[in-house]
Amino acid sequence: MSTPSATIVSSAAAKTLDVERIREDFPILHQRVKGKPLVYLDNAATSQKPQRVLDAIMRYYREDNSNVHRGVHTLSERATHAYENARKKVQRFINAGDVSEVVFTRGTTEGINLVASSFGRMQVGAGDEVLITGIEHHSNIVPWQLLCQERGARLRVVRITDDGEAPLAEFETLLNARTKLVAISHISNALGTINPVREMIAAAHARGIPVLVDGAQAIPHVRVDVQALNADFYVFSSHKVFGPTGIGVLYGKQSLLDAMPPYQGGGDMIKSVAFERTIFNDLPYKFEAGTPNIAGVIGLGEAIDYLNALDWSAVENHEHALLEYATQKLKQVDGLRIIGTAREKAGVISFVLGDIHPHDIGTILDGEGIAVRTGHHCAQPVMIRFGVPATTRASFAFYNTMQEVDALVSGIHNVLKVFH
Amino acid sequence: MSELRALYQEVILDHNKNPRNYRAMEDANRSVEGDNPLCGDHYTVYLKLTNDRIEDVSFTGSGCAISKASASLMTSAVKGKSKEEAEQLFETFHQLVTGELDGFDNIEELGKLAAFSGVSEFPTRVKCASLAWHTLKGALTSTATIVSTE
């Protein structure tokens, strides 16, 4: 029996993330850039990969490389097993009801395009509406614009507040009898705003409208349960969640995926082909034409194993502390204005600094070994909304430290020095 | 830091803060917009061209310090020059910012434009330094009204 005080100590210890230990898992972080230790704060663009993900990809190519779902030989059986095992890992990771609801894509962008092209075309007709929010990434705008143009439908947008929030009330007023599909980001890449997706989905479902959630920025920061959210489609990219580039996931409810026509035709997505008639394969293979990115899928599976081994409540505490600390520190810099001050935010701070252009800021910070993103972050409508051509964006992962935040702030003071 | 000091030289910071010839020209006979969509840099270059000589040149717009200082220094450098001379100067300037300038033979020809020598160490900034020049070239040849460096 432990004493009450010992219990408190151990529960507090369980919530503290050993960041230095975690950083050892990421070889890329241990290098100098321009003579300074690398400070990588561009995680919303892409995350770094732990050694075991790199090892898993290398091991696959060295030992098991073969095509999947084809051969009867040993290597093909091994590759197929590893590939399908990774699908099960994804299913458990996002709590999908069935493994057939996990479709591998090239990434978030392809996932959205797949849904727009296949489901969108059967769902949206002339005079109908597709509803998105004002904080979307271009990848959750342009596919719907293309669909609306083709179908003679109308794209409607939930306006965002000065804090960068898409208010639920405004969202609900835009839902109407013509709304046939809703597409919303879980977390904004440009502002860090967390959308109230659960409430938005419930409001849409109350009117019988299906919802796609762009989870690209959410998946590395929050544990996603697609059934609890009741999302009809949920899409994300492996590379934002510590896995390799070129692979992503489309989760879709089985009843919807079953009713949808294929997105691309080719091998693997068919049961039988004759010139007169082709019978499509079952889910999820119906949507996986051609030889897939096998190494990418295996790498993603390994990244999920890595994340599952972490104490997630400690990760969330640490990321929250990083965001709080960085926000407080940056607010104290003269002339610095944070763009995106939503009450619910994750891992991203976008800012402008007087009239100093973000590209100059980015170049000077790079001189200090600090990697940030500068530009419009593939969210030009967000830039227009806030009346800025571009911002500088620092985005965090659990391997970032308070010292790195200090380095960023000191780098920004150097920027001010250069520009007086 | 030394590479950065070479990039952000005093003359560049000065022209960024107080750009010369920064105005719309009402009696211009050529005006062309230059755009770098990736950065959001956007400038308009105005020309008064008489018998293939640049009688007057000005610009408006916004962008990073490198692009704005480059536009400012460019207008100062090409005023009064012939079309051919301006195009030759762009050629030399382009070699400077891409690090292809052979020795220092042409450095005198560049005058204050030599302040951009540090750009060659920053490949992502070459477009910033050359945006106004591409726009000027568009205005001189007068075939385009919008020039993009993307």
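**Close-up views of the predicted model**

**View 1**

**View 1. The buried face of helix α8 in chain A.** Helix α8 spans residues 197–206 of chain A, and A:Val197, A:Met200, A:Ile201 and A:Ala204 are buried within this helix. Viewed down the axis of α8(A), the buried residues fall within an arc of 100°, so they line one face of the helix. An α-helix has 3.6 residues a turn, so residues three or four places apart point the same way. On the other side of α8(A), A:Glu199 and A:Ala206 are exposed.

**View 2. The contact between chains A and B.** In this interface, 12 residues of chain A are in contact with 16 residues of chain B. Helix α13 (residues 358–366) of chain A gives the most to the side of chain A that touches chain B, contributing four residues. By class, this side of chain A comprises five nonpolar, six polar and one charged residues. For the complex, the predictor gives an ipTM of 0.88 and a pTM of 0.92.

**View 3. Prediction confidence in chain B.** The pLDDT of chain B averages 90, and 92% of the residues score at least 70. Among the elements of chain B, helix α3 (residues 65–78) has the highest mean pLDDT (97), whereas strand β4 (residues 146–148) has the lowest (66).

Key. Residues are numbered from 1 along each chain as its sequence is written. Chains are lettered from A and ligands numbered from 1 in the order in which they are written. This is a predicted model: local features need pLDDT of at least 70, side-chain atom pairs count only at pLDDT 80 or more; totals for chains, interfaces and linings use all residues. Two residues are in contact if their C-beta atoms, placed from the backbone, lie within 7 Å. Helices (H or I, at least four residues) and strands (E, at least two) are DSSP runs, numbered from the N terminus. Ala, Val, Leu, Ile, Met, Phe, Trp, Tyr, Cys and Pro count as nonpolar, Asp, Glu, Lys and Arg as charged, and the others, Gly among them, as polar. A residue is buried if 20 or more other C-beta atoms lie within 10 Å of its own, exposed if 12 or fewer, and partly exposed in between; C-beta atoms are placed from the backbone. The arc is that of the directions from the helix axis to the C-beta atoms. pLDDT is the predictor's confidence in each residue, from 0 to 100.
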